[in-house]
Amino acid sequence: MKHCITISAILALTVSCTGIPKNTVPSDSVPSIFPDYTDVVIPANIAPLNFKIEEKGKKYVTVITGGSERAVISGQKVRIPQRKWEKIKKRGLIGIEVFVMNDKDQWISYRPTSISVSDDEIDPYISYRIIPVAVEAYQELSIRQRNLTDFDEKVVFANTMIQTNADGACINCHSYKDYSTDNMLFHVRQFKGGTVMVLDGKLHKINMKTDSTLSAGVYPSWHPTHEYIALSNNRTHQSVHSASHDKLEVLDDISDLILYDIKTNTVSVIENDSCELENYPNWSADGRKLYYVSYRYEGDYGDKRKNEMFLARETFKFNLYSKSFEPDTKTWGPARLEFDAAARDSSITWPRVSPDGRWLLACISTHGVFPLDQIVSDFIMFDLKNGTYRYVDEINSQYAESFHSWSSNGKWLMFSTRREDGVHTRLYFSHMDENGRFSKPFALPQHDPDFNREFLYAFNIPEFMKEPIHITPRQFASFISSTDAIPAKYESKRGE
Amino acid sequence: MNQKEENKFSVITTKARWVLPVALWAVLSFCSGPFLAKVEERSFFQFDLFWFYDFLGQPAGLLSWCGLFFTQFLHLPWLGALIWVLLLTLTAELTRIVFRISSKYALLTYLPAAIFTGYNMSMGYLIYLVNHPGFFFAPVLGYLWALLSVVVLRRFTKPATSLILILIWGFAGYYIAGVYGLAGVIVSAVDTAFSDRSRMGRILPAAGAVAVFILAPILFLGSTTYCLSTAWTLGIPDSIHGISLARMQLPIVIALVLLALAPVSRIFGELSDKICLRIQIASIVVLLAIPAFSWYKDRNFKTELEMIQAVEELDWEKVPKLFDQLAQDHESDPSWQPTRIMVALKDLALIKTGQEGNLGFGFDDGSMQQNTDNKVQMSMQVGWILGFHYGIPGFCQRWIYEESMLFGWSNMTFKYSTMTALLFGNTELADKYLTMLDKTIFYRKWAREQRKLNRDRSLLATTAPYDLILPLLCYDDVVLADQEGCETFIKRHFGGPSPENSTPLYDRVALYFAIKSKDPTLFWTRFFLYLESNNPHKIDRYYQEAAYLYSSIQKNGLLEALPFDDQVKDLYNSFTESASKFGPMNMEEAKMKFPANLRHTFFYYYYYVNNIKLF
């Protein structure tokens, strides 16, 4: 007992009345923390960057400073109070000092590290799909929206709200026009299927599959100035790897591009060359050009097509193309090769143009059209002003980087990545400076720093939003359950 | 009724109230261990606040959490069974005390317990389809919540207070325990209705209970992502594949209705001795009959569970013994066949012990259907186990993901995910799963052992089960559709082109699958590869038999070139002699006519084991 009292007294002496340890042993190394928020650049309107200290120790004290503001937090999990965080991050630079008591009851003070607060704000809301890491089963999918300024997350819609044991429903590809939730869409597949569209705040359900097109719309891109949506049509298949980190191989044995005209509820073909696998349409900032990727495959259309394609999968190298577009007359120019990825033994996918129209960021991998399920997929960025490109090494990790979204001011990039464990996709952010250089990526802040480690679902299709979605999940559910999809009409090309 | 007679009834009920639970515990512990262990394997509980909040965030989530908490103790079936029996006894005794039921009728309060036991033990193959966390214990815990509701709400006798309390308690109860929360206020209202309260004192709680019953599910619907149709059954186990509601929910509803009838019992007053005695006897009969008739007693199912358990324990010698024991028990039954799972696990175990060439055909083959209306895919039962042990980690991982998607993560899926991550060398991923298992009671030790391997992967080569899997990973990765079923997929995997750097073990396994395919061309290819890489001192018996048979059929000159044992030649001659004597016949007839020594040959397998449906 005496012994305990003595130790306690010594410990008390080594910690000042502010809670900050005194008489510390300095360490040269930066503390290992998870998520790694050291030396990152963050927007001023982001939620507290809670983290966990990964160093072994008996006690932990963290001092977070911003100007004269200071938060002293004890414990291995550092949860910064929201109000304190608001004050601290106003100062532009946040300092982090970590003290860990080791087995010898010595306080180790790690090398201080910092977080820079950018003047560039980030859109306050994001949405994403939460999806289990599965191959075929999709019993539980939900689209959720998250307030980036705090930890508030709400379900937008979940397939469990409409499906039954016998009739499953898949939901995917939520997308917004100009970051506004008054005009948005997502697809519901199978049970009660259709494309659910919010147009000027009103709900609609459209069936974009026509007799003349391959499928309902899949990957969408809203036209920035007119009431059009470019979408891909896909017939998708997946198969399992026997012994590879690549768990899955996903491919389309056929894919085309269509244009949906919101005003007239018509679908027209953009590209449907039977030998080309066109995919991932994305408009230029002015809406006068459509970027997409394509691979030329001339195999048979018989029953064996799918299997043959799986066997030949590693030869599928998608290139980046564009087509000019005249919005008023809906006329298309010829396809133009923008980037010959195949010549570099690579495959390019998911092109997305920044809001200012200068940058185009895409995924690049060894082969195929679905980078998410490959071990390595990196980002490649094109400067559309001068036609140069570069691999974005400051962001790329050893695992797959995939879907990405530009903030409305073009200053922030949000992307999904498997960098943490190679399987569970997580959301990361990075700031882009005026030269197109990105800062060290940081993980979406979570209230519990262990969230990313313990959460067994994946984040999918992250999109920025300027505002929350106002339609409630039950309104979506009730509408989807009670409404039949209105069939879109097919609009043939001139001269067809 | 005089004191003496009362004592007589009391003795019967008291004895039965002790004997029945003890008997149930013994039966559960000693006869249903593998089943209880399987329930536990398919669940997961960790001491983690984040995980707890996840459950707390949804109506009836706490009930599931509590259900999972108790389910973990089924890891030791005797302990789990003890907890189960204690909870059942608690439900019955509390029902008796709360409703002041005379001890003469106390056995009646055990009826819900019998229903719950019958419900769980009747599952059989349904345990592979139930997708309700903590389903085993949740109904009993829900029942206890309903009982607690009566105790709490009974304390408030003023009509207005009673109404307010019933509303608050009802809404909270729905959030905590789902439909059992609703049952709690309904039973409480019934209890009040049969009490001596004023008219308003009886009407208001009833009105409150009805309001809760209608409004609580609707009110909480906004905060959930459930369908409206499931709102009034929240907390009752559900399943995939659309198993009928009557099967999944009716027994629980009946148990709750019995609880609601408990307060009604007051109106019966004193009954005659004769009736009392009849009630006693009837109660005992019903209490025994419900579990006895509903208990799923399929031997194949039980053996499958035992074999899977032996595989989990890497007790490879035990696996074929279990198969053999069952086959011997059905020696005189021509209609009996093993299930494909039994055959597949037996083959796997023989391969792991290197005995497949000498013992592989020493067992009856077959493809008996599962004795259930709700067929379970083989891949859902053992897909990942076979995928893992046959060195196809991608296939293993695929089925783990499907399983965890459909039914939630379980101890087993975490375990196999860890092991496949270790095979892939994905230390971060293995660490993620190990962190989960670290927070369990019964898998912590295993997790710590695996963490050592994760830190030093070189240990894998000398550690079971990896030591017998790594040599099978000598092939180039391929993309294969696996829709045709588990066995066909594995067979096709080993039937493909031989890897350039194939190992002796791979060649041995490939040869075994070749011999089972009855394809002579494939057999010869694999046979010579096997001879080359394994360089056996003596060729295993069944490979000799296959070579002898094919050489005889093909007249390829190998009969003289290969060193066949005299025993193989003699067996072949005996077999051909018997076959020509018996004439053409089907598999069932052949099983009865051929003696065991000829039945357990490759010759017999080649000619008479037909129409086997692979899954």
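Reply: Happy to! Keep in mind that this is a predicted model.

Me: What actually holds strands of a sheet together?

Reply: In general, strands of a sheet pair through backbone hydrogen bonds, and the pairing can be parallel or antiparallel.

Me: OK, and how many bridges join E11 to E12 in chain A?

Reply: There are 6 bridges between strand E11 (residues 125–132) and strand E12 (residues 142–147) of chain A, and the two run antiparallel.

Me: Switching to chain B. How is it divided?

Reply: Into four pieces: domain 1 (3–294), domain 2 (299–373), domain 3 (392–468) and domain 4 (486–608). The C-alpha centres of domain 3 and domain 4 of chain B lie 36 Å apart.

Me: And how many residues of chain B are in contact with chain A?

Reply: On the chain B side 37 residues are in contact, with 38 residues of chain A.

Me: Which element gives the most on the chain B side?

Reply: Helix H18(B), with 10 residues. Helix H3 (49–56), helix H20 (427–438) and strand E1 (479–480) of chain B are among the others that supply at least two residues each. By class, this side of chain B has 21 nonpolar, 10 polar and 6 charged residues.

Me: Which strand of chain A is joined to E1(B)?

Reply: That's E19 (residues 228–241) of chain A, joined to E1(B) by 2 bridges and running antiparallel to it. Here Val240(A) stands opposite Leu480(B).

Me: Last one: is H25(B) mostly covered or mostly uncovered?

Reply: Mostly covered, as 10 of its 14 residues are buried. Among the buried ones are Tyr542(B), Ala546(B) and Leu549(B). The buried residues of H25(B) pack against several helices of chain B, including H23 (504–516), H24 (520–534) and H27 (566–582).

Me: How far does that helix reach?

Reply: H25 (residues 541–554) of chain B reaches 20 Å from its first C-alpha to its last, close to the 20 Å expected at 1.5 Å a residue. Just after H25(B), Lys555(B) takes a positive phi of about 50°.

Notes. Residues numbered from 1 in each chain as written. Chains lettered and ligands numbered in written order. Predicted model: local features only at pLDDT ≥ 70, side-chain atom pairs only at ≥ 80, totals over all residues. Pairing = 2+ DSSP bridges. Helix = DSSP H or I, 4+ residues; strand = E, 2+ residues; numbered from the N terminus. Domains from an automatic or database assignment. Contact = placed C-beta atoms within 7 Å. Nonpolar A, V, L, I, M, F, W, Y, C, P; charged D, E, K, R; others polar. Expected span 1.5 Å × (residues − 1). Buried ≥ 20, exposed ≤ 12 C-beta atoms within 10 Å, placed from the backbone.
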